[in-house]
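Open the model and keep the sequence beside it. The walk below starts at a loop and ends at the ligand.

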Amino acid sequence: MGCAMNENEGGILLNVTGVWKAYQRNAKSVEVLKNADIQVQAGEVLGIVGASGAGKSTLLHIMGGLDRPQKGRVEFQGRDIFAQKNGYLEQFRNRHVGFVFQLFNLLPDFTALENTLFPGLIAGQDEAKLHERAVELLTQMGLKERLHHKPGELSGGETQRVALARSLVNAPNLLLADEPTGNLDSRSSDAFMDLVRDLNRRFNQTFVIVTHSPRIAKSLDRVLQLVDGEVKPIDKELIL
Ligand SMILES: Nc1ncnc2c1ncn2[C@@H]1O[C@H](COP(=O)(O)OP(=O)(O)OP(=O)(O)O)[C@@H](O)[C@H]1O
């Protein structure tokens, strides 16, 4: 790809400590995260598994600064992301984190290329360089012939690869993916995970991937399990 991806050089990239999150439901408070801790190492591909409703998406959203915990800290480069001055959180989300969701979240009226450009335009990247990088990323994803197609004209696998290109356009330190292959057939899912591996190997790109798939979980560097609101290590060999 020929583009500097980020400055990940080992060590803890994101340090989540004592995170607590409860939702109000029918006038009752339901505790989803209770003292959840996660240390994401720079350059790893980390998996998060857990039963449906265990709080995986909630945790991922908090890690990416999309949602606030009631207690606890999320530290990036030694700073508590929720305790900084105006504008920090938006900047953190836009420049340092990339998100890939199961439902892709692409804008339907814009082409693959335009969707990929958006986060870079918001970040104020130089337009010519941004365009070059977006085309390069989409080409890398095997989408050179699909640059001007809208999401409705793409397959599920292609759409998800556009979402991956879009999430990488600002060279984020951390890529957070919530069930990224949940809607894909096994071939597209394998192709997506091959790209993840390739990005990790070539650019030391750090990933946190929430997955229900035992096959994907087993292929990751390290897997954590969310149980009763807490994060616990799990032996990959024991994942069925
Ligand atoms: N905004 C909200 N308001 C109220 N309850 C919520 C909200 N978001 C999530 N929840 C509840 O919190 C719990 C955890 O949800 P979350 O989506 O984090 O779980 P999950 O592990 O990602 O589940 P799944 O694997 O099914 O996607 C669920 O019981 C869910 O219903």
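Asn-204 counts as partly exposed, because 16 C-beta neighbours lie inside 10 Å, and a residue needs 20 or more to be buried. The model is predicted. Asn-204 sits in the loop between helix H6 (186-203) and strand S8 (206-210). Its phi is positive, about 60°, although Asn-204 is not a glycine. Most residues other than glycine have a negative phi.

Asn-26 is another case. This residue is not a glycine, yet its phi is positive, at about 50°. Look for Asn-26 in the loop between S1 and strand S2 (28-41). Is Asn-26 buried or exposed? Asn-26 is exposed, because 5 other C-beta atoms lie within 10 Å and the cut-off for exposed is 12 or fewer.

Now step back to the whole chain. The protein has 7 helices and 10 strands. Its radius of gyration is 18 Å, close to the 18 Å that the globule rule gives for 240 residues, so the protein is as compact as a globular protein of that length. Along the principal axes, the C-alpha trace spans about 50 × 45 × 40 Å. Of the 240 residues, 41% count as buried. Take the contacts between residues at least 6 apart in sequence: 73% of them join residues at least 24 apart.

Next, turn to helix H3, residues 112-122. Which residues of H3 are buried? They are Ala-112, Asn-115, Thr-116, Leu-117, Pro-119 and Gly-120. An α-helix has 3.6 residues a turn, so residues three or four places apart point the same way. The cover over the buried residues of H3 includes helix H2 (88-96), helix H4 (127-140) and helix H5 (156-168). Just after H3 comes Gly-124, with a positive phi of about 80°.

Finish at the ligand. Its surroundings are Tyr-23, Arg-25, Val-32, Gly-50, Ser-52, Gly-53, Ala-54, Gly-55, Lys-56, Ser-57 and Thr-58. Two elements give two or more residues to this shell: strand S1 (12-25) and helix H1 (56-63). H1 supplies the largest share, 3 residues. What is the make-up of the shell by class? The shell has 3 nonpolar, 6 polar and 2 charged residues.

Notes. Residues are numbered from 1 along each chain as its sequence is written. This is a predicted model: local features need pLDDT of at least 70, side-chain atom pairs count only at pLDDT 80 or more; totals for chains, interfaces and linings use all residues. A residue is near a molecule or strand if its C-beta atom, placed from the backbone, lies within 6 Å of it. Helices (H or I, at least four residues) and strands (E, at least two) are DSSP runs, numbered from the N terminus. Ala, Val, Leu, Ile, Met, Phe, Trp, Tyr, Cys and Pro count as nonpolar, Asp, Glu, Lys and Arg as charged, and the others, Gly among them, as polar. The radius of gyration is taken over C-alpha atoms; the globule rule is 2.2 Å times the number of residues to the power 0.38. Two residues are in contact if their C-beta atoms, placed from the backbone, lie within 7 Å.
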